[in-house]
Amino acid sequence: MSDSQETTSNPSLYEQLGGEAAVNAAVDIFYRKVLGDYRINRFFDNSDMEKQAAKQKAFLTMAFGGPNNYSGKDMRNAHAHLVKMGLNASHFDIVMEHLGATLAELNVPQELIAQAAAIAESTRNDVLGK
Amino acid sequence: MRSITIGESTFSCQPDETVLETLLRENIKVPNGCRQGLCQACQMRSLDNSPPVSAQVGLKDTLQKQNYFLACICHPEQDMTVALPNQQGASINAVVIKKQLLTPDMVQLVLQYQTPFTFFAGQFVNLKRSDGLTRSYSIANIPTHENILEFHIRRLPNGQFSNWVYDELELGAQLAISEAQGSCHYLPGREQQPLMLIGTGSGLAPLYGIIADALAQEHSGPIHLFHGSRDLNGLYFIDEMRELADKFDNFHYTPCLSGEDTDSDHVRGRAHDVALSSTETLNGWRVFLCGHPEMINQSKKMAFMKGASMSDIYTDAFHVAQVKKKFSRAAD
């Protein structure tokens, strides 16, 4: 964990969600949903599933408000090849659905799900190269 | 201040610096990505001391055991000697003490070493001939006081190395062996967990070692082995496996044949299809997959979708060497 983060009196979203343990609990569920969805799994089908899972973990950490170093430019670069493959807003929406469903499955309260969704939503334009 | 040694060079790790920052500052090329301990691009290995536990977060347990760590989140607690995953340490010599045909296509090769050598059954080593020709083979036995390494080598039609082993390699001959590599091996703990092992062809070699290891460490959960081949020539150790199944109540063995014209009492079908349809769920299971790369890709995904956690799936893909290209092995 980065210790350079500002400390505030209120627990952060990441802390409220349960930190890294929560990400670990979520990553298999989320990745299984994404891989099992024929509408989007071609964007996630990679022979190196470990690397894919690590990416999903990075994504969830970010959406959970956890420590991350990703800039908008990184997001653009990382998804540019997928945009070429046809990645569009409808696919982004589906991933957002799976994020919400994963958190719901883990009994995360609705207001925290909404906060995580808002963070993920903020990457939309960069991910889609808009 | 801690020092970081890599290869022949030693650098000082400044206070607050990570191993990655120190090495990049000194212009050592280390692959990296998120710099937050997430993407695992900067995996390295500590060659002397155990790395800080905090720098091993998220790595496969077998890699943690082998002192792998993430350089981007590693603040050294002591001096460290480190290497990149593909950096080879010194090799040692071993002598051929046994060579025996298992089937017309498969030979069992046993080497003995004198120099101290550490490994886990199921890992692989590079075997190097005196002229430099090198191939990777999996270790089929657990460490014993006899200091031996057992390999199962399949003769490939144009395989330079395998044909040489078959036709020319003699008892008493010397081979150089690399350090043991790979993360597909058994670790004690969670001994009641069900194990699923699927192998094709000589993929039985690492699985045989992993099973021996699990049984020696008194794994009490069910252990299911599915060994597949196209034809009977690719199935071997059938009697040995059946004896093992007789001896251990929790070990179950299913040989599978996928070829068209097989006339035998073995189960028909591809080993991974048979294996994965044998159970409703793999939730909570530990899964080992060894052999054909395509089989592994498919099975890995199927096992994951069937409920196995990504961290509980261990694989070793056997890539056949291309002409003039050295045998490469997925080291994951």
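1. The radius of gyration is taken here over C-alpha atoms, and the globule rule used for comparison is 2.2 Å times the number of residues to the power 0.38. For the 332 residues of chain B, a compact globule would have a radius of gyration near 20 Å, and the 21 Å of chain B agrees with that. The C-alpha trace of chain B spans about 70 × 50 × 40 Å along its principal axes.

2. On provenance, this is a predicted model, in which local features need pLDDT of at least 70 and side-chain atom pairs count only at pLDDT 80 or more, while totals for chains, interfaces and linings use all residues. Residues are numbered from 1 along each chain as its sequence is written, and chains are lettered from A and ligands numbered from 1 in the order in which they are written.

3. Chain B has 7 helices and 17 strands, where helices (H or I, at least four residues) and strands (E, at least two) are DSSP runs numbered from the N terminus. Two residues are in contact if their C-beta atoms, placed from the backbone, lie within 7 Å; among contacts in chain B between residues at least 6 apart in sequence, 65% join residues at least 24 apart.

4. Gly209(B) sits in helix α4 (residues 204–216) of chain B and counts as buried, because it has 27 C-beta neighbours inside 10 Å. Setting aside residues up to four places away in sequence, Gly209(B) touches Ala121(B), Gly122(B), Ile139(B), Ala140(B), Asn141(B) and Ile142(B).

5. Between the chains, 17 residues of chain A are in contact with 14 residues of chain B. On the chain A side, the elements that give two or more residues are α2 (19–35) and α3 (49–63), and α3(A) gives the most, with 8 residues. That side divides into 7 nonpolar, 5 polar and 5 charged residues, with Ala, Val, Leu, Ile, Met, Phe, Trp, Tyr, Cys and Pro counted as nonpolar, Asp, Glu, Lys and Arg as charged, and the others, Gly among them, as polar.

6. Within chain A, helices α5 (residues 89–105) and α6 (residues 110–121) pack at an angle of about 155 degrees, with their axes 10 Å apart; axes are lines fitted to C-alpha atoms, for helices over the stretch in contact, and angles run from 0 to 180 degrees between N-to-C directions. The pair α5(A) and α6(A) is therefore roughly antiparallel, given that angles under 35 degrees count as roughly parallel, over 145 as roughly antiparallel, 65 to 115 as roughly perpendicular and the rest as oblique. By class, the contact of α5(A) with α6(A) has 8 nonpolar, 1 polar and 1 charged residues.

7. The helices α2(A) and α5(A) pack at about 140 degrees with their axes 9 Å apart, and are therefore oblique to each other. In this pair Ala26(A), Ile29(A), Phe30(A), Lys33(A) and Val34(A) of α2(A) meet Val95(A), His98(A), Leu99(A), Ala101(A), Thr102(A) and Glu105(A) of α5(A).

8. Asn41(A) lies in the loop between α2 and α3 of chain A and, with 13 C-beta neighbours inside 10 Å, counts as partly exposed. Neighbours within four places in sequence aside, Asn41(A) is in contact with Val34(A) and Leu35(A).

Terms used. A residue is buried if 20 or more other C-beta atoms lie within 10 Å of its own, exposed if 12 or fewer, and partly exposed in between; C-beta atoms are placed from the backbone.
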